[in-house]
Amino acid sequence: MSFAFLRRASRALAVAGLAAVAAGAAPAAYAQSYPERPIKLVVPWPPGGATDSLARLLAQRLTERLGQTVIVDNKAGAGGNIGTASFVREKADGYTLLMATSSTNAANPHLYSRLGFDASKDFAPVAFVAEIPNILEVPKQSPFKSVADLVAAAKAEPGKLNYGSGGVGSSQHLAGALFKHLTGADVLHIPYKGSGPAVSDLLAGQVDMMLDTGSLAQVQAGALRALAVASHQRLPALPDVPTFEEAGVPKMIASAWYGIVAPAGTPADVVQRLNKEVNAVTATPGVKQRMESMGALVPAGQTPEQFSAFIQSEIARYAEIVKISGAKME
């Protein structure tokens, strides 16, 4: 074997080694330069709701931290499925993100026969943002002062009391179905075309009770009476209102949750960078206080792996809740 051949072989091995090192370093280099252009944050709901409000709050602060504009893009329709299905077809490069919710990413897989996405496989979870628990509310003129009072009355006269919701399969409907299941209270479901009309009739006393995330202002104003919150802890916005567990109904957990996800296959370093920045934003006192004023609980910063495990557990939990409710959407 000639020395010339050995030298050529050595040079070839060296070049291959450098190429391998370069390939291995590529993800880190990509993450260090990310982001180099604006980022789109898809909200699969109309402007004005909680998902949109949280997304815009995050987008403003992330823009400041990342040095690139984060643009909120509302793509509403079909219970959040249209925007979510469109999102999973985006390039997995960190420049298109989604504001995922408990509806789109946990309940809808069991409510709809055709989604256009796989909730378990099509997403790279980035960061948990917040949860807004449902609050059990009754009109201010209601005779019920506690959960025990309401449950006792519902059992004494089955079918006499009713609860309103924003429609079949809505978060209020599913929360009400879980409440009935756990307490044995026979309460009639009255679905409305949206939560607004349901809350209006609750305020007027046409509806006996409602489990809702969007009427905190009416509770704080005294127009509605809050009996319990469906979370593991009390709300900073309603510190005197007990959790359901404190009121004698364990396992009554029904919150709308929100988080940032990327398309499956997004580079891990980019996911980690985004996780770090989102967690920093939600830990900022002004941001946290703003979210708490909306009735939210803001968790301590979670890793992408923790958020992923939470989503999978919620998909499994909502399978049972939807089954209990009997809801089915086309």
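Good morning. I begin with contacts, meaning heavy atoms within 4.5 Å: among those in the protein between residues at least 6 apart in sequence, 79% join residues at least 24 apart. This is a predicted model, in which local features need pLDDT of at least 70 and side-chain atom pairs count only at pLDDT 80 or more, while totals for chains, interfaces and linings use all residues. Residues are numbered from 1 along each chain as its sequence is written, and side-chain values use heavy atoms, with hydrogens and water left out.

Let me turn to the overall picture. The protein has 11 helices and 10 strands; these are DSSP runs numbered from the N terminus, with helices being H or I of at least four residues and strands E of at least two. Along the principal axes, the C-alpha atoms fill a box of roughly 100 × 40 × 35 Å. Of the 330 residues, 47% count as buried, that is, under 20% relative accessible area, whereas exposed means over 50% and partly exposed lies in between (1.4 Å probe, protein chains only).

Next, the domains. An automatic or database domain assignment supplies the bounds, giving domain 1 (39-132 + 256-325) and domain 2 (135-247). Their C-alpha centres lie 26 Å apart. Where the two meet, 16 residues of domain 1 are in contact with 14 residues of domain 2. The domains bury about 1,200 Å² between them, 77% of it on carbon and sulfur atoms; buried area is the accessible area (1.4 Å probe) that two parts lose on being put together, summed over both. Which three residues supply more than any others of the area that domain 1 buries against domain 2? They are Leu297, Ile324 and Ser325, with 40% of that area.

I now move to one helix, α4, which covers residues 102-111. Helix α4 is mostly covered, as seven of its 10 residues are buried. Those buried residues are Ser102, Thr104, Asn105, Ala106, Ala107, Asn108 and Leu111. Their packing partners include helices α3 (81-87), α6 (171-183) and α11 (304-325). Strands β3 (96-101), β4 (123-133) and β10 (255-263) also pack against them.

Finally, a single residue. Arg273 sits in helix α9 (residues 268-283). Is Arg273 buried or partly exposed? With a relative accessible area of 23%, Arg273 is partly exposed. Arg273 and Asp52 are 221 residues apart in sequence, and their C-alpha atoms are 23 Å apart in space. Thank you.
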